[in-house]
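Reader: Before we discuss terms, please show me the model. I shall then ask what lies behind each word that you use.

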Amino acid sequence: MPDGDQVGFLVNGGSLKQQLNADLLPNMHYTLTVQVGDRLGIPFADYSVGLYANGNFLAQALSADFRPADGQFITATVHYASPSVVAPGQRLEIRLKELEGAMHVLGKSDWI
Ligand SMILES: [Ca+2]
C-alpha cells in the first residue's frame with residue numbers, strides 16, 4: 001500500500017468525501033494526488049477524483065487518464081490553479097466516486 005494519510009475502499013457505486021481543513025485561496029496551484037488500486041482478479045470500472053470548493057466543482061481526474069493494471073496502484077493527479085479573486089470561506093473538499101458498479105477503488109490522498 002502506498003504512503004498517504006487517508007485510505008478508502010469503494011464498491012458498487014460508492015463515494016467518499018473528505019472536507020479539508022482549508023478554504024480556497026486566490027492565486028494558488030493545488031495538486032491532489034490519489035493512489036488508485038485495482039483489486040486483483042476483480043473487474044475494474046470507472047472512477048473520478050474531484051476537487052470541490054463549497055460544493056462547486058473545480059477539477060477532476062478520471063479513470064480514462066489514470067487506470068491501474070490488475071492488482072496494481074496508479075497515481076491519479078488533479079491540478080487546479082485558482083483565479084486571482086475568489087469568494088472567501090469556500091471550504092475545499094475531495095470527492096472520490098465510483099462511476100459504475102463491480103469495481104474497487106482503493107484511494108489514498110496526499111496534498112503537495
Ligand atoms: Ca482487478
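**Hairpin, sheet and core**

Author: Strands S4 and S5 form a hairpin, with two residues between them. In that turn, Asn-54 has a positive phi of about 55 degrees. The model is a predicted one, in which local features need pLDDT of at least 70 and side-chain atom pairs count only at pLDDT 80 or more, while totals for chains, interfaces and linings use all residues. Residue numbers start from 1 along each chain, as its sequence is written.

Reader: How do you know that S4 and S5 pair?

Author: Strands are DSSP runs (E, at least two residues; helices are H or I, at least four), numbered from the N terminus. Two strands pair if DSSP finds at least two bridges between them. S4 (residues 47-53) and S5 have six bridges, in the antiparallel sense, and therefore count as paired. Within this pairing, Ser-48 stands opposite Leu-62 in S5.

Reader: What makes S2 and S5 the edges of the sheet?

Author: The open sheet has four strands in the order S2-S7-S4-S5, with antiparallel pairing. S2 (15-23) and S5 (56-62) each have a single partner strand, so one side of each is left without a neighbour in the sheet. On average, neighbouring strands here are turned by 20 degrees against each other, direction ignored; the angle is taken between lines fitted to C-alpha atoms, on a scale from 0 to 180 degrees between N-to-C directions.

Reader: Which residues touch the most other members of the largest nonpolar core, and what makes such a set a core?

Author: A nonpolar core is a set of buried Ala, Val, Leu, Ile, Met, Phe, Trp, Tyr and Cys residues joined through C-beta atoms within 7 Å. The largest has 16 residues, of which Val-34, Val-49 and Leu-51 touch the most other members. Among the strands that each supply at least two residues are S3 (29-37), S6 (73-81) and S7 (91-98). The largest share, five residues, comes from S4. Contact requires C-beta atoms, placed from the backbone, within 7 Å; leaving aside neighbours within four places in sequence, the contacts of Val-49 include Val-34, Ala-76 and Leu-96.

Definitions and conventions: Buried ≥ 20, exposed ≤ 12 C-beta atoms within 10 Å, placed from the backbone. Contact = placed C-beta atoms within 7 Å.
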